[in-house]
Amino acid sequence: MDELDRRILIETIRLGSQDRNEKTFSLNDIAKNLSLSENDILSRFPSRSSLIEKATEMAFTSEMRYLDDLNNRSLSFEAWTNRVLDYFIFHKEETFFVLNFGKGLARASLSGADLQQYHDSMTYWGKRILCYFALSSDEEYFFVWSATFRSFVYAAANIMRGEYLDTPENRKFLATLIGHGMNSFMKGPRL
Amino acid sequence: MKIESGKNSLENILSKSVDILSASDPQHYSSLEMAASLGMSESDFLALFPRKESLIQECRTFLEKDFFVRAVASSQNGINFEATFNALLDHYIAYPTFIRFALSYDYVFPRRELPADYAEYKTMVIEELVKPLDQIRPVKGDLEMGYQLTDHWVRDLILDCELIIDGVVPDTPAMRHLMVKAIEDGLFSFNKIPGTPE
(Lines give C-alpha, C1' and ligand atoms only; values in the text may rest on other atoms or scores of the structure.)
Protein backbone atom coordinates (compact mmCIF):
# COMPACT_ATOMS: atom_id res chain seq x y z
CA MET A 1 0.00 0.00 0.00
CA ASP A 2 1.52 3.34 -0.97
CA GLU A 3 0.88 6.75 0.56
CA LEU A 4 -1.94 7.65 -1.83
CA ASP A 5 -3.74 4.34 -1.18
CA ARG A 6 -3.49 5.11 2.50
CA ARG A 7 -4.85 8.63 2.11
CA ILE A 8 -7.78 7.34 0.08
CA LEU A 9 -8.57 4.71 2.71
CA ILE A 10 -8.33 7.21 5.57
CA GLU A 11 -10.67 9.59 3.74
CA THR A 12 -13.07 6.68 3.13
CA ILE A 13 -13.08 5.94 6.85
CA ARG A 14 -13.63 9.59 7.68
CA LEU A 15 -16.55 10.00 5.30
CA GLY A 16 -17.99 6.55 5.99
CA SER A 17 -18.01 7.22 9.71
CA GLN A 18 -20.51 10.01 9.05
CA ASP A 19 -22.83 7.84 7.01
CA ARG A 20 -26.52 7.94 7.68
CA ASN A 21 -29.23 5.82 6.21
CA GLU A 22 -30.54 8.68 4.15
CA LYS A 23 -27.14 9.99 3.13
CA THR A 24 -24.07 8.04 2.17
CA PHE A 25 -20.77 9.08 0.64
CA SER A 26 -19.70 8.63 -2.96
CA LEU A 27 -16.38 8.11 -4.71
CA ASN A 28 -16.80 11.64 -5.99
CA ASP A 29 -16.88 12.96 -2.41
CA ILE A 30 -13.58 11.22 -1.65
CA ALA A 31 -12.03 12.40 -4.90
CA LYS A 32 -13.09 15.99 -4.30
CA ASN A 33 -11.74 16.05 -0.74
CA LEU A 34 -8.39 14.69 -1.86
CA SER A 35 -8.19 16.79 -5.07
CA LEU A 36 -8.22 13.65 -7.18
CA SER A 37 -10.42 12.36 -9.96
CA GLU A 38 -12.74 9.39 -9.53
CA ASN A 39 -10.58 7.57 -12.07
CA ASP A 40 -7.52 8.08 -9.85
CA ILE A 41 -9.40 6.19 -7.14
CA LEU A 42 -10.78 3.54 -9.47
CA SER A 43 -7.31 2.83 -10.82
CA ARG A 44 -6.36 1.72 -7.31
CA PHE A 45 -9.64 0.34 -5.98
CA PRO A 46 -11.88 -1.12 -8.71
CA SER A 47 -15.18 -0.21 -7.07
CA ARG A 48 -16.74 1.61 -4.13
CA SER A 49 -17.43 -1.72 -2.43
CA SER A 50 -13.81 -2.88 -2.79
CA LEU A 51 -12.68 0.44 -1.33
CA ILE A 52 -15.03 0.01 1.63
CA GLU A 53 -13.83 -3.56 2.09
CA LYS A 54 -10.18 -2.46 2.20
CA ALA A 55 -10.96 0.44 4.53
CA THR A 56 -12.90 -1.88 6.86
CA GLU A 57 -10.00 -4.32 6.89
CA MET A 58 -7.55 -1.50 7.67
CA ALA A 59 -9.68 -0.14 10.54
CA PHE A 60 -10.47 -3.57 11.99
CA THR A 61 -6.86 -4.76 11.79
CA SER A 62 -5.57 -1.67 13.51
CA GLU A 63 -8.11 -2.16 16.33
CA MET A 64 -7.18 -5.82 16.70
CA ARG A 65 -3.42 -5.09 16.75
CA TYR A 66 -3.93 -2.58 19.55
CA LEU A 67 -6.02 -5.03 21.58
CA ASP A 68 -3.52 -7.82 20.95
CA ASP A 69 -0.73 -5.57 22.18
CA LEU A 70 -2.65 -4.87 25.41
CA ASN A 71 -2.13 -8.52 26.35
CA ASN A 72 1.56 -7.78 26.87
CA ARG A 73 0.73 -5.37 29.65
CA SER A 74 -0.72 -7.76 32.27
CA LEU A 75 -3.66 -5.50 33.02
CA SER A 76 -6.54 -6.34 35.34
CA PHE A 77 -9.82 -6.97 33.53
CA GLU A 78 -11.21 -3.61 34.59
CA ALA A 79 -8.07 -1.78 33.47
CA TRP A 80 -8.18 -3.73 30.21
CA THR A 81 -11.80 -2.76 29.53
CA ASN A 82 -10.92 0.88 30.20
CA ARG A 83 -8.04 0.77 27.73
CA VAL A 84 -10.19 -0.92 25.10
CA LEU A 85 -12.93 1.66 25.53
CA ASP A 86 -10.38 4.48 25.45
CA TYR A 87 -9.10 3.20 22.11
CA PHE A 88 -12.52 3.15 20.49
CA ILE A 89 -13.40 6.58 21.85
CA PHE A 90 -10.08 8.09 20.80
CA HIS A 91 -10.47 6.64 17.29
CA LYS A 92 -13.94 8.00 16.79
CA GLU A 93 -14.02 7.93 13.00
CA GLU A 94 -12.61 4.43 12.82
CA THR A 95 -15.18 3.23 15.39
CA PHE A 96 -18.18 4.70 13.59
CA PHE A 97 -16.88 3.50 10.25
CA VAL A 98 -16.60 -0.07 11.57
CA LEU A 99 -20.06 0.28 13.08
CA ASN A 100 -21.45 1.38 9.73
CA PHE A 101 -19.61 -1.09 7.52
CA GLY A 102 -18.05 -3.85 9.65
CA LYS A 103 -19.42 -7.36 9.34
CA GLY A 104 -21.42 -8.71 12.24
CA LEU A 105 -22.27 -5.21 13.40
CA ALA A 106 -24.96 -2.82 12.33
CA ARG A 107 -25.61 -3.88 8.76
CA ALA A 108 -26.43 -7.17 7.18
CA SER A 109 -23.90 -8.61 4.78
CA LEU A 110 -25.26 -10.88 2.13
CA SER A 111 -21.99 -12.02 0.61
CA GLY A 112 -20.87 -15.54 1.54
CA ALA A 113 -17.19 -14.78 0.86
CA ASP A 114 -17.32 -11.69 3.09
CA LEU A 115 -18.91 -13.67 5.88
CA GLN A 116 -16.33 -16.44 5.69
CA GLN A 117 -13.54 -13.88 5.80
CA TYR A 118 -15.23 -12.21 8.78
CA HIS A 119 -15.52 -15.55 10.57
CA ASP A 120 -11.88 -16.49 9.94
CA SER A 121 -10.53 -13.11 10.90
CA MET A 122 -12.60 -12.91 14.09
CA THR A 123 -11.50 -16.43 15.06
CA TYR A 124 -7.84 -15.59 14.44
CA TRP A 125 -7.93 -12.43 16.54
CA GLY A 126 -10.15 -14.03 19.15
CA LYS A 127 -7.50 -16.68 19.76
CA ARG A 128 -4.83 -14.02 20.16
CA ILE A 129 -6.77 -11.52 22.25
CA LEU A 130 -8.50 -14.07 24.48
CA CYS A 131 -5.17 -15.79 25.10
CA TYR A 132 -5.94 -16.04 28.84
CA PHE A 133 -8.91 -18.26 28.08
CA ALA A 134 -8.95 -21.92 27.13
CA LEU A 135 -12.01 -22.09 24.93
CA SER A 136 -13.05 -25.42 23.51
CA SER A 137 -13.16 -24.74 19.76
CA ASP A 138 -12.68 -22.22 16.97
CA GLU A 139 -16.44 -21.73 17.07
CA GLU A 140 -16.24 -20.63 20.69
CA TYR A 141 -13.36 -18.27 19.98
CA PHE A 142 -15.26 -16.79 17.06
CA PHE A 143 -18.46 -16.32 18.96
CA VAL A 144 -17.09 -15.15 22.31
CA TRP A 145 -14.70 -12.68 20.73
CA SER A 146 -17.23 -11.27 18.27
CA ALA A 147 -19.76 -10.80 21.09
CA THR A 148 -17.16 -9.12 23.31
CA PHE A 149 -15.82 -6.91 20.54
CA ARG A 150 -19.23 -5.67 19.48
CA SER A 151 -20.16 -4.84 23.09
CA PHE A 152 -17.18 -2.49 23.29
CA VAL A 153 -17.90 -0.86 19.95
CA TYR A 154 -21.54 -0.20 20.82
CA ALA A 155 -20.66 1.08 24.30
CA ALA A 156 -18.06 3.46 22.86
CA ALA A 157 -20.54 4.65 20.23
CA ASN A 158 -23.18 5.29 22.87
CA ILE A 159 -20.71 7.30 24.93
CA MET A 160 -19.51 9.32 21.93
CA ARG A 161 -22.99 10.22 20.76
CA GLY A 162 -24.04 11.26 24.26
CA GLU A 163 -26.40 8.43 25.15
CA TYR A 164 -24.26 7.39 28.12
CA LEU A 165 -21.96 9.56 30.17
CA ASP A 166 -18.33 8.54 30.29
CA THR A 167 -18.16 8.07 34.07
CA PRO A 168 -16.22 5.55 36.20
CA GLU A 169 -19.61 4.08 37.25
CA ASN A 170 -20.71 3.52 33.67
CA ARG A 171 -17.35 2.01 32.78
CA LYS A 172 -17.60 -0.33 35.76
CA PHE A 173 -21.10 -1.26 34.64
CA LEU A 174 -19.74 -2.15 31.19
CA ALA A 175 -16.83 -4.16 32.62
CA THR A 176 -19.24 -6.12 34.83
CA LEU A 177 -21.68 -6.68 32.00
CA ILE A 178 -18.98 -7.97 29.66
CA GLY A 179 -17.08 -9.90 32.31
CA HIS A 180 -19.87 -11.35 34.40
CA GLY A 181 -23.02 -10.89 32.36
CA MET A 182 -26.50 -9.59 32.86
CA ASN A 183 -27.19 -11.90 35.81
CA SER A 184 -24.88 -9.73 37.93
CA PHE A 185 -27.58 -7.05 37.83
CA MET A 186 -30.64 -9.16 38.51
CA LYS A 187 -32.44 -9.34 41.82
CA GLY A 188 -33.31 -12.66 43.35
CA PRO A 189 -32.14 -16.15 42.51
CA ARG A 190 -31.20 -17.17 39.01
CA LEU A 191 -34.10 -18.64 37.08
CA MET B 1 -56.21 2.87 -5.28
CA LYS B 2 -58.21 3.43 -2.16
CA ILE B 3 -56.38 2.48 1.01
CA GLU B 4 -58.53 0.26 3.17
CA SER B 5 -58.93 1.55 6.62
CA GLY B 6 -58.12 -0.82 9.44
CA LYS B 7 -55.14 -2.27 11.13
CA ASN B 8 -54.58 -5.23 8.87
CA SER B 9 -54.18 -3.31 5.64
CA LEU B 10 -51.65 -0.91 7.13
CA GLU B 11 -49.80 -3.79 8.81
CA ASN B 12 -49.70 -5.57 5.50
CA ILE B 13 -48.23 -2.54 3.76
CA LEU B 14 -45.66 -2.08 6.52
CA SER B 15 -44.72 -5.74 6.54
CA LYS B 16 -44.17 -5.70 2.76
CA SER B 17 -42.26 -2.44 3.06
CA VAL B 18 -39.94 -4.05 5.62
CA ASP B 19 -39.25 -6.85 3.13
CA ILE B 20 -38.39 -4.35 0.41
CA LEU B 21 -36.35 -1.99 2.58
CA SER B 22 -34.37 -4.80 4.19
CA ALA B 23 -33.10 -5.90 0.80
CA SER B 24 -32.24 -2.51 -0.65
CA ASP B 25 -30.09 0.49 -0.04
CA PRO B 26 -32.33 3.44 0.88
CA GLN B 27 -30.41 5.57 -1.62
CA HIS B 28 -31.45 3.25 -4.40
CA TYR B 29 -35.19 3.17 -4.31
CA SER B 30 -37.71 5.73 -5.37
CA SER B 31 -41.23 6.32 -4.12
CA LEU B 32 -42.47 5.19 -7.53
CA GLU B 33 -40.64 1.87 -7.23
CA MET B 34 -41.78 1.36 -3.66
CA ALA B 35 -45.37 2.09 -4.60
CA ALA B 36 -45.20 -0.33 -7.55
CA SER B 37 -43.74 -3.07 -5.32
CA LEU B 38 -46.61 -2.54 -2.91
CA GLY B 39 -49.21 -2.54 -5.68
CA MET B 40 -50.12 1.10 -5.07
CA SER B 41 -50.03 4.27 -7.10
CA GLU B 42 -47.26 6.71 -6.26
CA SER B 43 -49.79 9.30 -5.10
CA ASP B 44 -51.45 6.85 -2.69
CA PHE B 45 -48.04 5.83 -1.41
CA LEU B 46 -46.94 9.44 -0.88
CA ALA B 47 -50.20 10.24 0.88
CA LEU B 48 -49.34 7.56 3.43
CA PHE B 49 -45.59 8.17 3.59
CA PRO B 50 -44.69 11.65 2.38
CA ARG B 51 -40.96 11.11 2.95
CA LYS B 52 -38.64 8.07 2.98
CA GLU B 53 -37.97 8.78 6.63
CA SER B 54 -41.66 8.55 7.50
CA LEU B 55 -41.90 5.11 5.87
CA ILE B 56 -38.79 3.91 7.71
CA GLN B 57 -40.08 5.31 10.99
CA GLU B 58 -43.48 3.61 10.58
CA CYS B 59 -41.83 0.30 9.73
CA ARG B 60 -39.46 0.62 12.69
CA THR B 61 -42.27 1.31 15.13
CA PHE B 62 -44.33 -1.53 13.67
CA LEU B 63 -41.50 -4.02 14.25
CA GLU B 64 -40.59 -2.65 17.67
CA LYS B 65 -44.13 -2.88 18.99
CA ASP B 66 -44.40 -6.43 17.68
CA PHE B 67 -41.09 -7.30 19.35
CA PHE B 68 -42.12 -5.80 22.71
CA VAL B 69 -45.30 -7.88 22.80
CA ARG B 70 -43.45 -11.06 21.84
CA ALA B 71 -40.59 -10.47 24.27
CA VAL B 72 -42.90 -9.81 27.21
CA ALA B 73 -45.15 -12.78 26.35
CA SER B 74 -42.12 -15.07 25.94
CA SER B 75 -40.76 -13.91 29.30
CA GLN B 76 -44.10 -14.54 30.98
CA ASN B 77 -44.38 -17.98 29.43
CA GLY B 78 -40.73 -18.97 29.59
CA ILE B 79 -39.10 -20.63 32.55
CA ASN B 80 -35.93 -18.56 32.30
CA PHE B 81 -34.01 -16.15 30.06
CA GLU B 82 -32.72 -18.99 27.89
CA ALA B 83 -36.28 -20.10 27.09
CA THR B 84 -37.25 -16.51 26.24
CA PHE B 85 -34.15 -16.05 24.09
CA ASN B 86 -34.81 -19.30 22.23
CA ALA B 87 -38.46 -18.49 21.63
CA LEU B 88 -37.51 -15.12 20.15
CA LEU B 89 -34.71 -16.64 18.11
CA ASP B 90 -37.10 -19.27 16.71
CA HIS B 91 -39.55 -16.59 15.69
CA TYR B 92 -37.11 -14.14 14.11
CA ILE B 93 -35.08 -16.73 12.25
CA ALA B 94 -38.28 -17.33 10.31
CA TYR B 95 -38.43 -13.60 9.45
CA PRO B 96 -34.94 -12.71 8.20
CA THR B 97 -36.15 -9.50 6.55
CA PHE B 98 -37.29 -8.21 9.95
CA ILE B 99 -33.82 -8.84 11.34
CA ARG B 100 -32.12 -7.19 8.36
CA PHE B 101 -34.38 -4.18 8.57
CA ALA B 102 -33.57 -3.84 12.29
CA LEU B 103 -29.83 -4.05 11.59
CA SER B 104 -30.03 -1.14 9.20
CA TYR B 105 -32.66 1.05 10.80
CA ASP B 106 -33.44 0.24 14.42
CA TYR B 107 -32.27 2.65 17.10
CA VAL B 108 -30.92 -0.22 19.20
CA PHE B 109 -27.92 0.00 16.83
CA PRO B 110 -26.16 3.28 17.48
CA ARG B 111 -25.14 5.60 14.67
CA ARG B 112 -22.90 8.61 14.94
CA GLU B 113 -25.61 10.99 16.07
CA LEU B 114 -28.52 10.41 18.40
CA PRO B 115 -31.70 10.57 16.31
CA ALA B 116 -33.88 13.62 16.97
CA ASP B 117 -36.66 11.41 18.31
CA TYR B 118 -34.41 9.17 20.39
CA ALA B 119 -35.85 10.35 23.74
CA GLU B 120 -39.33 9.40 22.52
CA TYR B 121 -38.03 5.99 21.41
CA LYS B 122 -36.33 5.39 24.75
CA THR B 123 -39.48 6.27 26.68
CA MET B 124 -41.44 3.83 24.55
CA VAL B 125 -38.88 1.05 25.16
CA ILE B 126 -38.94 1.70 28.91
CA GLU B 127 -42.73 1.75 29.10
CA GLU B 128 -43.46 -1.16 26.81
CA LEU B 129 -40.50 -3.45 27.40
CA VAL B 130 -38.26 -2.54 30.33
CA LYS B 131 -41.04 -2.01 32.89
CA PRO B 132 -43.02 -5.17 32.00
CA LEU B 133 -39.81 -7.24 32.04
CA ASP B 134 -38.87 -5.73 35.39
CA GLN B 135 -42.18 -6.98 36.78
CA ILE B 136 -41.19 -10.50 35.75
CA ARG B 137 -37.55 -10.38 36.79
CA PRO B 138 -36.44 -7.16 38.49
CA VAL B 139 -33.01 -5.61 38.09
CA LYS B 140 -31.04 -4.34 41.07
CA GLY B 141 -30.88 -0.79 39.79
CA ASP B 142 -33.23 1.80 38.35
CA LEU B 143 -35.07 1.90 35.02
CA GLU B 144 -32.00 3.40 33.35
CA MET B 145 -30.04 0.29 34.26
CA GLY B 146 -32.94 -1.84 33.07
CA TYR B 147 -32.86 0.05 29.78
CA GLN B 148 -29.11 -0.47 29.33
CA LEU B 149 -29.40 -4.19 30.05
CA THR B 150 -32.36 -4.55 27.68
CA ASP B 151 -30.54 -2.55 25.01
CA HIS B 152 -27.60 -4.96 25.36
CA TRP B 153 -29.45 -8.27 25.16
CA VAL B 154 -31.86 -7.17 22.42
CA ARG B 155 -28.93 -6.05 20.27
CA ASP B 156 -27.15 -9.35 20.93
CA LEU B 157 -30.30 -11.31 20.09
CA ILE B 158 -30.65 -9.56 16.73
CA LEU B 159 -26.97 -9.97 15.86
CA ASP B 160 -26.95 -13.62 16.94
CA CYS B 161 -30.03 -14.19 14.84
CA GLU B 162 -28.27 -12.68 11.84
CA LEU B 163 -25.21 -14.89 12.40
CA ILE B 164 -27.49 -17.94 12.24
CA ILE B 165 -29.47 -16.67 9.24
CA ASP B 166 -26.21 -15.98 7.37
CA GLY B 167 -24.86 -19.43 8.25
CA VAL B 168 -21.83 -17.93 10.01
CA VAL B 169 -22.59 -20.06 13.07
CA PRO B 170 -24.64 -23.26 13.20
CA ASP B 171 -28.11 -23.22 14.71
CA THR B 172 -27.48 -25.91 17.32
CA PRO B 173 -28.54 -26.16 20.98
CA ALA B 174 -24.86 -25.82 21.93
CA MET B 175 -24.45 -22.58 19.97
CA ARG B 176 -27.68 -21.15 21.35
CA HIS B 177 -26.52 -22.01 24.86
CA LEU B 178 -23.23 -20.23 24.16
CA MET B 179 -25.16 -17.14 23.05
CA VAL B 180 -27.20 -17.10 26.23
CA LYS B 181 -24.15 -17.80 28.41
CA ALA B 182 -22.29 -14.82 26.92
CA ILE B 183 -25.24 -12.53 27.68
CA GLU B 184 -26.19 -13.89 31.10
CA ASP B 185 -22.84 -14.84 32.60
CA GLY B 186 -20.23 -12.99 30.55
CA LEU B 187 -16.65 -13.69 29.58
CA PHE B 188 -15.56 -15.10 32.92
CA SER B 189 -18.03 -17.95 32.71
CA PHE B 190 -15.70 -19.44 30.09
CA ASN B 191 -12.60 -21.48 30.97
CA LYS B 192 -9.71 -19.31 31.98
CA ILE B 193 -6.10 -20.44 32.09
CA PRO B 194 -5.12 -20.63 35.79
CA GLY B 195 -2.72 -17.94 37.04
CA THR B 196 -3.63 -15.32 34.43
CA PRO B 197 -4.47 -11.71 35.42
CA GLU B 198 -7.84 -11.13 37.10
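Two residues are in contact if their C-beta atoms, placed from the backbone, lie within 7 Å. The model is predicted: local features need pLDDT of at least 70, side-chain atom pairs count only at pLDDT 80 or more, and totals for chains, interfaces and linings use all residues. Residues are numbered from 1 along each chain as its sequence is written, and chains are lettered from A and ligands numbered from 1 in the order in which they are written.

**Exercise 1.** State what share of the contacts in chain B with a separation of 6 or more joins residues 24 or more positions apart.

Solution. Such residues account for 59% of these contacts.

**Exercise 2.** Describe how helix α1 and helix α4 of chain A pack.

Solution. 
1. Helices (H or I, at least four residues) are DSSP runs, numbered from the N terminus.
2. Two packed helices are described by the angle between their axes and the distance between the axes.
3. For α1 (residues 3-16) and α4 (residues 48-70) of chain A, the angle is about 90° and the axes lie 9 Å apart.
4. Angles of 65 to 115 degrees count as roughly perpendicular, and α1(A) and α4(A) are therefore roughly perpendicular to each other.
5. On α1(A), the contact is made by A:L9, A:T12, A:I13 and A:G16; on α4(A), by A:L51, A:I52, A:K54, A:A55, A:M58 and A:A59.

**Exercise 3.** Find how many residues of chain A touch chain B, and which helix supplies the largest share.

Solution. 
1. In chain A, 46 residues are in contact with 51 residues of chain B.
2. α8(A) gives the largest share of this side of chain A, ten residues.

Notes: Axes are lines fitted to C-alpha atoms, for helices over the stretch in contact, and angles run from 0 to 180 degrees between N-to-C directions. Helices (H or I, at least four residues) and strands (E, at least two) are DSSP runs, numbered from the N terminus. Angles under 35 degrees count as roughly parallel, over 145 as roughly antiparallel, 65 to 115 as roughly perpendicular and the rest as oblique.
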